[in-house]
Amino acid sequence: MSLKGNLEMKISNALIHFEKEEIGRGAEEAMAHIFKDMIIVRLKKVLTPAEKRLAQSPEGRKTIKEFRYMLEDVLRGKLEAIIEDIVNVKVVSIHCDISTKTGEYLMVFVMEKDVESLFKE
């Protein structure tokens, strides 16, 4: 496996573990992709049983999104540290969204420099 592929796998596994530790349930699958100065992570099947029930109503869906945004804000420092420790590049910003329909959670980490260029031969 390439260095880039190895780092993407480490990021995926680290964020599954992070979800388990901080939310009590991790994603069933994660895929991380390093693209230029961004790291894009797609976590699948992240909704807890309670969130799945809440997602059945418009108010519940709104509550899930608000809760996840608040949680992201509180845990931002830990998320940054996880990514920075793996790729040794500073995180500039994090953008996240959850789909209450598919149960997917997308995270985009904007990095201080082009991480992908570090792997070019």
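## Helix α1

Helices here are DSSP runs of H or I with at least four residues, strands are runs of E with at least two, and both are numbered from the N terminus. This is a predicted model, in which local features need pLDDT of at least 70 and side-chain atom pairs count only at pLDDT 80 or more, while totals for chains, interfaces and linings use all residues. Residues are numbered from 1 along each chain as its sequence is written, and side-chain values use heavy atoms, with hydrogens and water left out.

How far apart are the end C-alpha atoms of α1? They are 30 Å apart, which agrees with the 30 Å that its 21 residues should span at 1.5 Å a residue; the expected span is 1.5 Å times one less than the number of residues. The buried residues of α1 are Gly-5, Leu-7, Glu-8, Ile-11, Ser-12, Leu-15, Ile-16, Phe-18 and Glu-19. Buried means under 20% relative accessible area, exposed over 50%, and partly exposed in between, with a 1.4 Å probe and protein chains only. An α-helix has 3.6 residues a turn, so residues three or four places apart point the same way. The cover over the buried residues of α1 includes β1 (29-35), β2 (38-44), α3 and β4, where contact means heavy atoms within 4.5 Å.

## The nonpolar core

Now to the core. The largest nonpolar core has 34 residues, and Leu-15, Val-87 and Phe-109 touch the most other members. Two or more residues of this core come from each of α1, β1, β2, α3, β3 (91-98) and β4, and α3 gives the most, with eight residues. Such a core is a set of buried Ala, Val, Leu, Ile, Met, Phe, Trp, Tyr and Cys residues joined through side-chain atoms within 4.5 Å.

Which residues does Phe-109 contact, leaving aside its neighbours within four places in sequence? Among them are Leu-15, Met-38, Leu-79, Ile-83 and Ile-94.

On a 1 Å grid over the protein atoms alone, a cavity is a set of points where a 1.4 Å probe fits but cannot get out, and lining residues have an atom within 4 Å of a point. The lining includes Phe-18, Ile-23, Arg-68, Glu-72, Tyr-105 and Met-107. Its largest share, five residues, comes from α3, and α1, α3 (58-87) and β4 (105-111) each supply at least two residues.

By class, the lining has seven nonpolar, no polar and three charged residues. Ala, Val, Leu, Ile, Met, Phe, Trp, Tyr, Cys and Pro count as nonpolar, Asp, Glu, Lys and Arg as charged, and the others, Gly among them, as polar. Glu-72 sits in helix α3 and counts as buried because its relative accessibility is 9%. Leaving aside its neighbours within four places in sequence, Glu-72 contacts Ile-94, Cys-96 and Tyr-105.

## Two lysines in loops

Lys-36 lies in the loop between β1 and β2, and its phi is positive, near 55 degrees, in a residue other than glycine. Lys-36 counts as partly exposed, at 44% relative accessibility. Lys-45, in the loop between β2 and α2 (49-54), has a positive phi of about 55 degrees although it is not a glycine.

Methods: 1 Å grid on protein atoms, 1.4 Å probe; cavity = no way out; pocket = protein on both sides within 12 Å on 5 of 7 lines; lining within 4 Å.
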